Amino acid sequence: MSTTVKPGVELDELGKFFTIAARRIDAGEVAPQVFSAAVDAAWHRLVADPAVYQAFTLQHAGRPLAHVESAGTGYISWVSAYEEAYGALPEVWFAEADGTVDTGALARYRETGEVWAEWDCSPAPGDGDDLIPPVTTR
């Protein structure tokens, strides 16, 4: 069985995620992973408008954050920091890009308090310019 999340929740969660990301980066910890396809899709839409994206990251992270490809799978270690700040993860964190919720993954989280997932990206400090290798000419 699956449900869908209400539109617009993704950006609220992305803002919270950026706040957690900035705290982790400041503490010298690994940047958190975005394991929700719905939140990641909202991130991609936001990046398409650089001025709006910069304002959003400054508001929520206090700095520019780049969107970096970083595929992986494993334990999502930032969940406890999120829960301390905002409470339990909402359904959108277990949703596909179309808003369909993976109720099995959501139930496992609710039963165990842990999230094990796949991800495709994470934030990095800066605007991303320093993450692109320079073009060399001969």
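Q33 touches F17, I76, W78, W119, C121 and S122, leaving aside residues up to four places away in sequence, where a contact means heavy atoms within 4.5 Å. This is a predicted model, so local features need pLDDT of at least 70 and side-chain atom pairs count only at pLDDT 80 or more, while totals for chains, interfaces and linings use all residues. Residues are numbered from 1 along each chain as its sequence is written, and side-chain values use heavy atoms, with hydrogens and water left out.

**Overall layout**

- The protein chain has five helices and two strands, taken as DSSP runs numbered from the N terminus (helices are H or I, at least four residues; strands are E, at least two).
- Reading from the N terminus, the elements go α-α-α-β-α-α-β.
- Of the 138 residues in the protein chain, 40% count as buried, with buried meaning under 20% relative accessible area, exposed over 50% and partly exposed in between (1.4 Å probe, protein chains only).
- Take the contacts in the protein chain with a separation of 6 or more: residues 24 or more positions apart account for 77% of them.

**Two buried loop residues**

- Back to Q33: it sits in the loop between α1 and α2, and at 10% relative accessibility Q33 counts as buried.
- A95 has its place in the loop between α4 and α5, and at 3% relative accessibility A95 counts as buried too.
- A95 and V39 are 56 residues apart in sequence, yet 8.1 Å apart in space, C-alpha to C-alpha.

**How the helices pack**

- Two packed helices are described by the angle between their axes and the distance between the axes.
- Here the axes are lines fitted to C-alpha atoms, for helices over the stretch in contact, and angles run from 0 to 180 degrees between N-to-C directions.
- For orientation, angles under 35 degrees count as roughly parallel, over 145 as roughly antiparallel, 65 to 115 as roughly perpendicular and the rest as oblique.
- For the residue classes, Ala, Val, Leu, Ile, Met, Phe, Trp, Tyr, Cys and Pro count as nonpolar, Asp, Glu, Lys and Arg as charged, and the others, Gly among them, as polar.

*α1 with α3*

- The axes of α1 and helix α3 (residues 50-61) come within 8 Å and cross at roughly 60°, which makes α1 oblique to α3.
- The crossing of α1 and α3 is right-handed; a crossing is left-handed if the near helix is turned anticlockwise from the far one by less than a right angle, and right-handed if clockwise.
- L11, L14, G15, F18, T19 and A22 of α1 meet Y53, F56, T57, H60 and A61 of α3 in this contact.
- Those residues of the α1 and α3 contact split into seven nonpolar, four polar and no charged.

*α1 with α4*

- Helix α1 (residues 9-26) and helix α4 (residues 79-86) have axes that come within 10 Å and cross at roughly 115°.
- The α1 and α4 crossing is right-handed.
- On the α1 side the contact uses E13, K16, T19, I20 and R23, and on the α4 side A81, Y82, A85 and Y86.
- The α1 and α4 contact residues come to five nonpolar, one polar and three charged.

*α2 with α3*

- The axes of α2 and α3 come within 7 Å and cross at roughly 120°, so α2 and α3 are oblique to each other.
- W43, L46 and V47 of α2 touch P50, V52, Y53 and F56 of α3.
- That α2 and α3 contact has seven nonpolar residues, no polar and no charged.

**Aromatic rings**

- A pair of aromatic rings is described by the distance of the centres and the angle of the planes.
- Rings of Phe, Tyr and Trp (its six-membered ring) pair if their centres lie within 6.5 Å; planes under 30 degrees apart count as stacked, over 60 as edge-to-face and the rest as tilted.
- By this rule there are 15 aromatic pairs.
- F35 and W78 make a tilted pair, 6.0 Å centre to centre with 40° between the planes.
- F35 is in the loop between α1 and α2 (37-47) and W78 in the loop between β1 (65-75) and α4, so the pair ties together parts 43 residues apart in sequence.
- F35 counts as buried at 11% relative accessibility, and W78 counts as buried at 0%.
- F35 also forms a tilted pair with W93, at 5.4 Å centre to centre and 35° between the planes.
- W93 lies in the loop between α4 and α5 (103-112), so its pair with F35 ties together parts that are 58 residues apart in sequence.
- Both F35 and W93 are buried.
- Ring pairs link F17, F18, F35, W43, Y53, F56, W78, Y82, Y86, W93, F94 and Y109 into a cluster.
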